[in-house]
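Visitor: I am new to this structure. Could you walk me through how some of its helices pack?

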Amino acid sequence: MGHASLIDELKSTKIRDLLEQGQRIDGRSFDQLRSLSIETGVIPKAEGSARVRLGNTEVVAGVKVQPDKPFPDMGDKGIFICTAEILPLAHPSAEPGPPGEDVIELARVVDRGIRESGMIDLSQLVLVKDRSVIGIFADNSVIDHDGNLFDACSYASTAAVLSTKIPKWEIKDDIPVKVEGQESDAPITTIPVSVTMGRIGDYILVDPNGEEWECLDARITITTNSDGNICALQKGGHDGFTFEQLTKCAEISISVGAKIRETLKQSKQGGQ
Amino acid sequence: MENTKRKYVIPGDVITTGPFRPEHNVILDGNRIIATAVGISEIYDDAVKVIPLAGKYIPKINDLVIGKVISHSSLSWELDINSCYVGFLPAQDVFGRDFSAHADELTSKLKNGDLVVARIANSDRSRDPLLTISDRELGKIESGELVKISPSKVPRLIGKRGTMIQTIEMATGAVITIGQNGWVVVSCENRDGLLKAKKAIQMVEAEAHIANLTDRVKSMLESKGE
Amino acid sequence: MILGGKESDVVLLDENGIRCDGRKIDEPRRIMIKAGVLKNADGSAYIEFGENKILAGVFGPRDVHPKHMANTDSGILRCRYHMSPFSVSERKNPAPSRREIEISKVIKEALEPAVMLEQFPRTAVDIFIEVLQADGGSRCAALDAASVALADAGIPMRDMVSACAAGKVADTIVLDVNNEEDQAGQADMPVGYMPNMEKITLIQLDGILTPAEYKKCIETAIGGCKQVYELQKKALHDKFFSNGGNS
């Protein structure tokens with residue numbers, strides 16, 4: 001990220017000084033998220049959608065469902081693909097053009113978190129084995145960047161998928177034809193929740209905001225499923241974690257994740 | 001707005017017609033004077049101008065500004081001064097005439113992220129504004145907090161003959177350095193004083209166009225006293 | 001009686017002059033514009049125009065990178081019109097299509113006469129438009145939002161730019177063609193207009209018009225542009241001039 005995001009030295013010093021007094025720059029406790037709002041159905045023409053505001057970070061996710069060819073060695077499974085784009089209007093340093101390594105990592109981490117949890121039972125999305133399956137595409141557009149895009153995109157995609165309606169297709173002359181007015185919920189087996197934590201010195205902070213993000217020594221995103229098991233993991237940043245810190249992060253991700261899971265469940269029942 | 005000489009305008013609005021001199025943020029089209037910015041138009045004497053309510057800082061020579069160091073070459077630092085152009089601070093301004101590019105290390109004096117109080121030494125559109133920090137009251141800022149407001153609100157924050165800023169400083173015990181570029185540094189030993197001063201600054205920015213602001217800021221500062 | 005450009009079950013214009021979505025021939029779809037919706041962008045606006053949902057963000061004037069793209073006499077305008085993959089019926093590949101690139105150029109050239117770039121040599125003003133949900137006439141809606149975002153950012157402009165399309169449907173010139181009318185109709189003409197300078201800065205045509213229809217179509221579109229202009233004004237007034245509003 002370019003100079004537009006370079007935090008000033010007085011602020012970064014203040015962030016560290018406050019941590020030593022047990023405080024964060026915006027007054028949150030160490031395991032507290034910023035205000036989180038999840039609104040579904042914001043893009044009515046898409047089969048599913050959600051808009052997430054996590055502090056000042058904002059993401060819109062849309063889900064498109066359409067027939068597709070299965071992957072060569074997976075003819076008995078539907079397709080799930082998740083992408084992310086940091087729109088150039090989201091931040092002065094965000095540049096238009098082919099995605100850089102930050103955006104690619106973001107998309108792949110969000111995708112893995114949902115895929116590896118088995119959230120969508122892909123075996124229920126087959127129209128004709130080996131020939132025609134249903135593809136679910138979740139695309140995240142980040143519209144305002146103030147730190148922790150991993151969780152914002154993850155919650156947006158998950159909420160969008162939870163509220164997605166799968167149309168019914170019939171095969172006529174080998175071609176899938178949509179049957180209007182017969183939609184069903186997506187086949188959901190579990191609700192994955194990612195929790196991103198950053199480390200500044202010896203302190204572990206949940207959901208770093210934009211300023212904290214600039215000061216992080218390292219970060220980790222841990223995704224848990226409804227059983228409280230860990231299904232995906234990504235460490236990032238220029239420094240590392242001790243074993244004790246990683247253990248603590250896992251505990252936090254399970255307890256904080258459980259609370260967010262409830263918020264996600266409520267979002268499915270009609271917005272907010 | 002009761003005063004017919006002032007109007008809210010957006011770009012393209014015709015402010016008036018007739019023999020007026022177009023000044024800031026207006027253009028002459030035939031005999032129409034047209035606003036080119038979102039703001040408040042003013043007709044005074046024989047001239048028309050618009051006070052803009054948005055936009056970046058336009059550097060003017062001798063202005064005091066707060067800048068943030070964002071990079072450096074071997075000969076100068078580059079500073080973000082909330083303008084469309086980056087400010088340049090030559091190494092000689094800090095090291096003196098005997099500055100030697102390979103002997104003197106720029107980062108020993110100022111590094112990326114440092115905030116400084118500087119003055120615009122020279123500015124014309126053909127090159128980036130030149131800064132200086134070689135006077136007494138200028139230089140690196142060692143403590144305090146940076147608050148950003150729109151440059152168009154700076155006169156309101158200072159107030160007539162400094163009344164607004166003095167009111168805030170006296171009520172909170174804070175020392176406030178205002179850059180013409182809308183960047184403000186607030187320094188206070190007392191944490192509550194700091195928070196109050198920040199709140200007062202944000203209040204001035206939000207309500208700059210509403211009358212009796214000084215009184216309202218005063219009563220906000222006096223309420224919930226310690 | 002069924003009137004339609006192509007064979008379809010849709011009645012494009014009935015005997016009472018009512019269109020397929022219930023509108024009269026000179027009635028635009030529902031429009032809503034809000035200024036200053038993003039935290040990071042220097043200026044921004046959000047528009048709903050029919051079913052279009054479009055976001056515009058502006059940065060600048062700012063340094064140009066790479067430096068060789070900078071113009072020493074004047075600032076430059078850069079514009080990116082992009083559609084989110086979920087914005088259309090069949091999911092769109094995120095990479096910019098040729099259509100998006102053309103629309104980006106056309107919108108940029110619609111704004112250039114309005115933006116006073118000569119005041120900021122060696123800088124760029126960047127306009128980023130994202131279509132979150134697309135309906136017919138998205139380029140006009142995009143231009144409307146971009147114009148408000150530029151004013152919101154405090155970029156000096158000679159005038160606003162307001163846009164609306166007109167078209168020919170069932171042999172009649174109508175205002176603001178929707179998606180179905182675009183598919184089954186006979187012509188679609190998007191127009192961008194500077195309301196105080198009375199200059200047309202965007203105009204394209206898809207379809208065939210007689211010279212008389214062409215004139216009527218432009219006039220109708222300009223009428224629509226003027227209606228949009230009032231909403232652009234309102235969006236800026238609501239943000240900057242309302243008591244207790246935060247700028």
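**Helix pairs**

Guide: This is a predicted model. Start in chain B, where α4(B) passes α5(B) in a right-handed crossing.

Visitor: At what angle do the axes of α4(B) and α5(B) cross?

Guide: Helix α4 of chain B spans residues 191–207, and helix α5 of chain B spans residues 213–222. Their axes come within 10 Å. They cross at roughly 155 degrees.

Visitor: Is α4(B) roughly parallel or antiparallel to α5(B)?

Guide: Angles over 145 degrees count as roughly antiparallel. The crossing angle here is roughly 155 degrees. That makes the pair α4(B) and α5(B) roughly antiparallel.

Visitor: How many residues of the contact of α4(B) with α5(B) are charged?

Guide: From α4(B) come Lys196(B), Ala200(B), Met203(B), Val204(B) and Glu207(B). From α5(B) come Leu213(B), Val217(B), Met220(B) and Leu221(B). The contact has seven nonpolar residues, no polar ones, and charged residues numbering two.

Visitor: Now chain A. How are α2(A) and α3(A) oriented to each other?

Guide: Helix α2 of chain A covers residues 101–115, and helix α3 of chain A covers residues 149–162. Their axes lie 9 Å apart, at an angle of about 45 degrees. The two helices, α2(A) and α3(A), are therefore oblique.

Visitor: What is the handedness of the crossing of α2(A) and α3(A), and how many polar residues has their contact?

Guide: The crossing of α2(A) and α3(A) is right-handed. In the contact, α2(A) contributes residues including Gly113(A), and α3(A) contributes residues including Ser154(A), Ser157(A) and Thr158(A). By class, the contact of α2(A) with α3(A) has seven nonpolar residues, no charged ones, and polar residues numbering four.

Note on methods: Residues numbered from 1 in each chain as written. Chains lettered and ligands numbered in written order. Predicted model: local features only at pLDDT ≥ 70, side-chain atom pairs only at ≥ 80, totals over all residues. Axes fitted to C-alpha atoms, helices over the stretch in contact; angles between N-to-C directions. Helix = DSSP H or I, 4+ residues; strand = E, 2+ residues; numbered from the N terminus. Parallel < 35°, antiparallel > 145°, perpendicular 65-115°, else oblique. Left-handed = near helix turned anticlockwise from the far one by under 90°. Contact = placed C-beta atoms within 7 Å. Nonpolar A, V, L, I, M, F, W, Y, C, P; charged D, E, K, R; others polar.
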